[in-house]
Amino acid sequence: MIESELAQAAIKLVLLALVSLLIPASYRVIVGPTLPDRLQAVDLITTLLIAIIVMLALVEGTQAFVDMAIALAAFAFVGTISIARYISEGRAF
């Protein structure tokens, strides 16, 4: 857990910014004109969620959140590669 008041305020500000960035990314997933645009927006959302989880780990002071963020990053990477290959070649594997 972070003891400094300035650091706590900065983390809260960063969390607010990250959560607010989820709104335009979600809009791009819904309205995106092409499938690659939607894939990029989903990848952005997972990246934002990973950052939010890491910031929450700093606030709470637990290692479990960091482990969850690493697992989410691994799954997101594999999913993005699979969907990108499906878009480009028409097959997943």
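**Figure 1. Contacts across the protein chain of the predicted model.** Of the contacts in the protein chain that link residues at least 6 apart in sequence, 46% join residues at least 24 apart. Buried residues account for 23% of the 93 residues in the protein chain.

**Figure 2. Fold and overall dimensions of the protein chain.** The protein chain holds three helices and zero strands, and its elements follow the order α-α-α from the N terminus. The radius of gyration of the protein chain is 16 Å, whereas the globule rule gives 12 Å for 93 residues, so the chain is more spread out than a compact globule. The C-alpha trace spans about 50 × 25 × 10 Å along its principal axes.

**Figure 3. Helix α1 and its buried residues.** Helix α1 covers residues 5-31. Its 27 residues, at 1.5 Å a residue, should span 39 Å, and the 40 Å between its end C-alpha atoms agrees with this. Q8, I11, L15, L18, L22 and A25 are the buried residues of α1. An α-helix has 3.6 residues a turn, so residues three or four places apart point the same way. The partner against which the buried residues of α1 pack is α2 (35-60).

**Figure 4. Surface and charges of the protein chain.** The charged side chains of the protein chain number 5 positive and 7 negative. A distance of 16 Å separates the centres of the two sets.

Terms used:
Residues are numbered from 1 along each chain as its sequence is written. This is a predicted model: local features need pLDDT of at least 70, side-chain atom pairs count only at pLDDT 80 or more; totals for chains, interfaces and linings use all residues. Side-chain values use heavy atoms; hydrogens and water are left out. Helices (H or I, at least four residues) and strands (E, at least two) are DSSP runs, numbered from the N terminus. The radius of gyration is taken over C-alpha atoms; the globule rule is 2.2 Å times the number of residues to the power 0.38. Buried means under 20% relative accessible area, exposed over 50%, partly exposed in between (1.4 Å probe, protein chains only). Contact means heavy atoms within 4.5 Å. Lys and Arg count as positive and Asp and Glu as negative; His and the chain ends are not counted. The place of a charge is taken as NZ of Lys, CZ of Arg, CG of Asp or CD of Glu. The expected span of a helix is 1.5 Å times one less than its number of residues.
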